[in-house]
Amino acid sequence: MNFYDDNQGDDSPNGFVPNMSNMGGFRSRHGSHRSTSDKTSVSPLPWSNGSVLDNICTVIVVICLILCGLVNAGVIKPSSAQSHDRTITYAQGSPSSRPSSSGSTQNQQQPTNSASSDSSDSTGIIGYRYDSCDQYRQYINEIKAMHDKYHAMPAAQINEYVKALPDAQSAIDSWLKALDHMLEATSYGDARRSMNRNDATTYYTAKLADLHQLEYDFKIHKSYNISIQTHTTATGSYFEIVLTQDESHHAPSPQQLDSIEQQIASFQGQTGQDGTYLQSGEQMLSIAGLHADYDFQSMGNYCPSTEADRYAFAAFCEGKADTIFVNTGHEAYPYVVRSTQYLDELRHEIAHYLVYSRCETSVPPLRVENEGMTNSYAVMYLGANRDTLNSTGASFPEYAMNAQTDQAAASAHAGTCVVD
């Protein structure tokens, strides 16, 4: 409809065009009322006096009433209404991010009607639930997968990880029992809430790293301790798997280890005034931050499970990782210390230390004889004479080197210390 007629002198004060069948009828020029003789023209609304302003106001009032009805019905929200996006939890995912100002139409999951999906539940607590984030679900799924994997693993395969331990079966039983308790704890969930969506993500990202470290510790038969706890806080209850480790050994960085290896490989020992290589041996050990202990039997104070037998010329013990124990009682000791073979024997023990520093264990499960792998490491990275060290393999096959032990030594050197 038009507010003005084409004839500027013949206006319609109330904003409506008269009925076309009465174009010849009388119309008032004063704009204050319509002639009673114009029977078919549109009548003003009951509360209006027929002016243009009145009808504009009427339209505005009607629009306002419609908008109020839509707001009350929840069809639209006032721009000042507070968004509840940051307190919504989704059944199949973490709370979706807010759409960008460009009007992105990325697919977002729909909230459920559960208590956890609202800004507050029956407790009246608001915020993101921790168990709604992706990292939480990944954490739970990895615990379940780890549990199922090891319980289904053949005995011979799982034994490969712990066969170097004095009581391998006990270690396996303890590991499987721990996995059972971990799986049971997952049913407890994590009902904690936070107004910051990143809190849960950060927490469970760290927990995933702990879980991976725990499995690695088992595979390299490193000492570990886990406790499974349940907690109740003001914002909800949750379970926690706490991993504690022996941090007594602070290994040099890979770059520092590389430097140590290069220096030892180029080390040229000399006989001392006593005609032995003992002093040179101590100098070479010092390059790696190690020293010699000639009380071989004392090794049992640090590594009770390590046999200090009469056939061992020297030994490395993880419980006293800064020390190489030399067996002065060995029948070949008086002769070996007067030859460069002594330095190669020490290089073998230093190789144990370096593998320990790179792999967190001196006996990584690489599916080869560990002593043969250590000999290969000493030859490949520390300058030991292959023939000298291989001569031991004639009497003790576990010390023999081959292509497989060389490959395993290269893997340990690169920090790849587990072969599944």
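How many aromatic pairs does the count come to?

Analyst: By the rule used here, the count comes to 17 aromatic pairs. Rings of Phe, Tyr and Trp (its six-membered ring) pair if their centres lie within 6.5 Å; planes under 30 degrees apart count as stacked, over 60 as edge-to-face and the rest as tilted. The model is predicted, with local features needing pLDDT of at least 70 and side-chain atom pairs counting only at pLDDT 80 or more, while totals for chains, interfaces and linings use all residues. Residues are numbered from 1 along each chain as its sequence is written, and side-chain values use heavy atoms, with hydrogens and water left out.

One of the pairs is Phe-316 with Tyr-356, which is tilted, at 5.8 Å centre to centre and 55° between the planes. Phe-316 belongs to strand E6 (residues 314-316) and Tyr-356 to helix H9 (residues 341-359), so this pair ties together parts that are 40 residues apart in sequence. Helices (H or I, at least four residues) and strands (E, at least two) are DSSP runs, numbered from the N terminus. Phe-316 and Tyr-356 are both buried, where buried means under 20% relative accessible area, exposed over 50%, and partly exposed in between (1.4 Å probe, protein chains only).

Tyr-377 and Tyr-381 make another tilted pair, with 4.9 Å centre to centre and 50° between the planes. These two tyrosines are four residues apart in helix H10 (residues 370-382), so about one helical turn separates them. Tyr-377 is buried, at a relative accessible area of 0%.

Elsewhere, ring pairs join Tyr-130, Tyr-136, Tyr-139, Tyr-203, Tyr-204 and Phe-239 into a cluster. Tyr-203 also has a charge over its ring: the charged end of Arg-192 sits 4.5 Å from the ring centre. Arg-192 lies over the face of Tyr-238 as well, at 3.6 Å from that ring centre. A charge sits over a ring if NZ of Lys or CZ of Arg is within 6 Å of the ring centre and within 35 degrees of the ring normal.

A disulfide is taken as a pair of cysteine sulfur atoms within 2.5 Å, and the count comes to two. In one, the sulfur atoms of Cys-303 and Cys-317 are 1.7 Å apart. The torsion about the S-S bond of Cys-303 and Cys-317 is about 90°, so this disulfide is right-handed. Cys-303 is in the loop between strand E5 (291-293) and E6, and Cys-317 is in the loop between E6 and strand E7 (323-326), 14 residues apart. Both Cys-303 and Cys-317 are buried.

In the other disulfide, Cys-359 and Cys-417 have their sulfur atoms 1.9 Å apart. With a torsion of about -70° about the S-S bond, the disulfide of Cys-359 and Cys-417 is left-handed. Cys-359 lies in helix H9 and Cys-417 in the segment after helix H12 (403-413), so the bond ties together parts that are 58 residues apart in sequence. Cys-359 and Cys-417 are both buried. With bonded cysteines counted along the chain, the disulfides follow the pattern 1-2, 3-4.

For the setting, the chain has 12 helices and seven strands, and buried residues make up 39% of its 420 residues.
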